[in-house]
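Please consider the sequence and structure shown below. The explanation that follows is written to be read alongside them.

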Amino acid sequence: MIHAADLYQIFFNTVDDSIFVVDLAAKIVVEANARAINTTGFQADELKGLAFDRLFRPPKGGSVFWEFVDEGKRTCRDELLLVKKDGN
């Protein structure tokens with residue numbers, strides 16, 4: 001019998017997109033899939049614990065994190081640029 005955790009791992013490891021699992025409180029990467037490792041040029045152990053804003057930047061500057069707007073509502077950036085290990 002396949003469990004949900006097994007299905008998650010299969011998806012996580014075979015999907016054709018980069019996936020970064022981020023601890024939002026600490027703002028660090030806690031896990032990344034193989035595609036993310038290949039795309040960024042970082043090794044898995046280099047990505048783990050890396051500051052999220054070291055990997056992504058908004059196209060026009062500012063913070064990569066959610067911003068609070070009127071009445072406590074949050075908005076997030078839907079466009080972020082991936083910064084690879086070589087800085088590009």
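The paragraphs below treat the nonpolar core and then the aromatic pairs.

The model is predicted. Its largest nonpolar core comprises 10 residues: Phe20, Val29, Ala32, Ala36, Phe42, Leu47, Leu50, Phe52, Leu55 and Phe56. Strand E2 (28-32) and helix H4 (52-55) each contribute at least two residues to this core. Leu50, one of the core residues, is in contact with Lys27, Ile28, Val29, Phe42 and Leu55 when neighbours within four places in sequence are set aside. Among these contacts of Leu50, Val29, Phe42 and Leu55 are themselves members of the core.

Three aromatic pairs are present in the structure. In one of them, the ring centres of Tyr8 and Phe12 are 5.5 Å apart and the planes lie at 25 degrees; the pair is therefore stacked, since planes under 30 degrees apart count as such. Tyr8 and Phe12 are four residues apart in helix H1 (residues 4-14), and so about one helical turn separates them. Tyr8 is partly exposed, with a relative accessible area of 37%, whereas Phe12 is buried, at 2%.

Phe20 and Phe56 form an edge-to-face aromatic pair, with 5.4 Å between centres and 90 degrees between planes. Because Phe20 lies in strand E1 (residues 20-23) and Phe56 in strand E3 (residues 56-57), this pair ties together parts that are 36 residues apart in sequence. Phe20 and Phe56 are both buried. Ring pairs also bring in Phe52, linking Phe20, Phe52 and Phe56 into a cluster. These three residues belong to the nonpolar core described above.

Notes: Residues numbered from 1 in each chain as written. Predicted model: local features only at pLDDT ≥ 70, side-chain atom pairs only at ≥ 80, totals over all residues. Heavy atoms only, no water. Core = buried A, V, L, I, M, F, W, Y, C linked by side-chain atoms within 4.5 Å. Buried < 20%, exposed > 50% of the residue type's maximum accessible area, 1.4 Å probe, protein only. Contact = heavy atoms within 4.5 Å. Phe/Tyr/Trp six-rings, centres within 6.5 Å; stacked < 30°, edge-to-face > 60°.
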